Amino acid sequence: QLLNAFCAICNGGYLMKPQIVNKILDSEGNILEEYEPEVLRQVISSQTSKTELEMLESVVSIGTGKAAYIKGYRVGGKTGTAQRAKLDGSGYDENAYVASFMGCAPVDNPEIAILVVCNNPKTEVHSGSACAAPVFSACAEKILTYLKVPAEVDPSDFTGGYKNNIIIPDLTKSTVENAKQRALNSGLSVTVIGN
């Protein structure tokens with residue numbers, strides 16, 4: 001269900017009927033049966049899908065999902081870290097976690113989407129960024145190679161093509177006018193609320 005919902009973000013906003021089999025072939029390679037993708041309904045607009053994909057790419061290029069990066073590809077995704085519920089229903093176990101990463105590639109025209117879930121990882125760091133994102137990267141890289149999806153980004157560019165990075169200056173001890181001017185000089189738009 002998670003992956004199906006995520007794919008609606010990746011494909012322009014359409015919730016698809018999940019299917020496992022694409023086609024059935026006989027021993028000679030002739031198609032016996034073929035199953036076409038089936039759209040259930042549009043759940044978000046194509047513009048919302050595009051905006052979400054840009055945000056998901058920033059998670060990998062500059063956020064917590066950096067370990068999901070694949071050289072040569074624009075990757076988008078989201079990390080997840082949650083405490084597991086206690087079996088007796090009395091709350092959450094402070095020592096048991098579910099770490100996850102859900103991602104797609106290439107972001108500008110997703111060919112694959114993968115959900116990695118690590119149930120109660122035994123690693124020192126139990127976050128989705130530390131446990132699940134590297135698994136996504138390793139699997140996705142092999143799948144993209146297998147599918148012959150061409151690389152599109154210079155591998156030396158860690159940001160994966162995401163170019164909207166802005167360094168925000170520290171304005172905490174400035175006067176309002178000084179802070180406003182320094183922010184404007186850095187290319188930021190400014191709205192002053194209060195003093």
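How many bridges pair S6 with S7, and in which sense? I looked this up and found eight bridges in the antiparallel sense, where two strands count as paired if DSSP finds at least two bridges between them.

**Entry 1: ground rules.** I am reading a predicted model, in which local features need pLDDT of at least 70 and side-chain atom pairs count only at pLDDT 80 or more, while totals for chains, interfaces and linings use all residues. I number residues from 1 along each chain as its sequence is written, and side-chain values use heavy atoms, with hydrogens and water left out. My helices (H or I, at least four residues) and strands (E, at least two) are DSSP runs numbered from the N terminus.

**Entry 2: confidence.** I noted that pLDDT, the predictor's confidence in each residue from 0 to 100, averages 89 over the protein, with 93% of the residues at 70 or above.

Entry 3: I traced an open sheet of three strands in the order S5-S6-S7, with antiparallel pairing. Its edge strands are S5 (76–85) and S7, each of which pairs on one side only. Neighbouring strands are turned by 15° against each other on average, direction ignored; for such angles, axes are lines fitted to C-alpha atoms, for helices over the stretch in contact, and the values run from 0 to 180 degrees between N-to-C directions. I then saw that H2 packs on the sheet, touching S5 and S6, and that its direction makes about 75° with that of S5; contact here means heavy atoms within 4.5 Å.

**Entry 4: strand partners.** I followed the nine bridges that join S5 to S6, and I found Ala85 opposite Tyr92 in S6. These two strands form a hairpin with six residues between them, and Gly89 in the turn has a positive phi of about 75°. A hairpin also joins S6 to S7 through six residues; along this pair, Cys104 stands opposite Ala113 in S7, and Val98 has Asn119 as its bridge partner.

**Entry 5: Asn120.** Is Asn120 buried or exposed? I found Asn120 in the loop between S7 and helix H3 (128–146), and it counts as buried because its relative accessible area is 18%, the classes being buried under 20%, exposed over 50% and partly exposed in between, with a 1.4 Å probe and protein chains only. Leaving aside neighbours within four places in sequence, Asn120 is in contact with Arg84, Asn95, Ala96, Tyr97 and Val98.

**Entry 6: Glu36.** By contrast, I recorded Glu36 as exposed, because its relative accessible area is 57%. Glu36 lies in the loop between S3 (31–34) and S4 (39–42), and its C-alpha is 7.4 Å from that of Asn22, 14 residues away in sequence.

**Entry 7: helix H1.** I listed Phe6, Ala8, Ile9 and Cys10 as the buried residues of H1 (residues 2–10), and these pack against S1 (14–16), H2 (46–61), S6 (92–105) and S7 (112–119). Just after H1, Gly12 takes a positive phi of about 100°.
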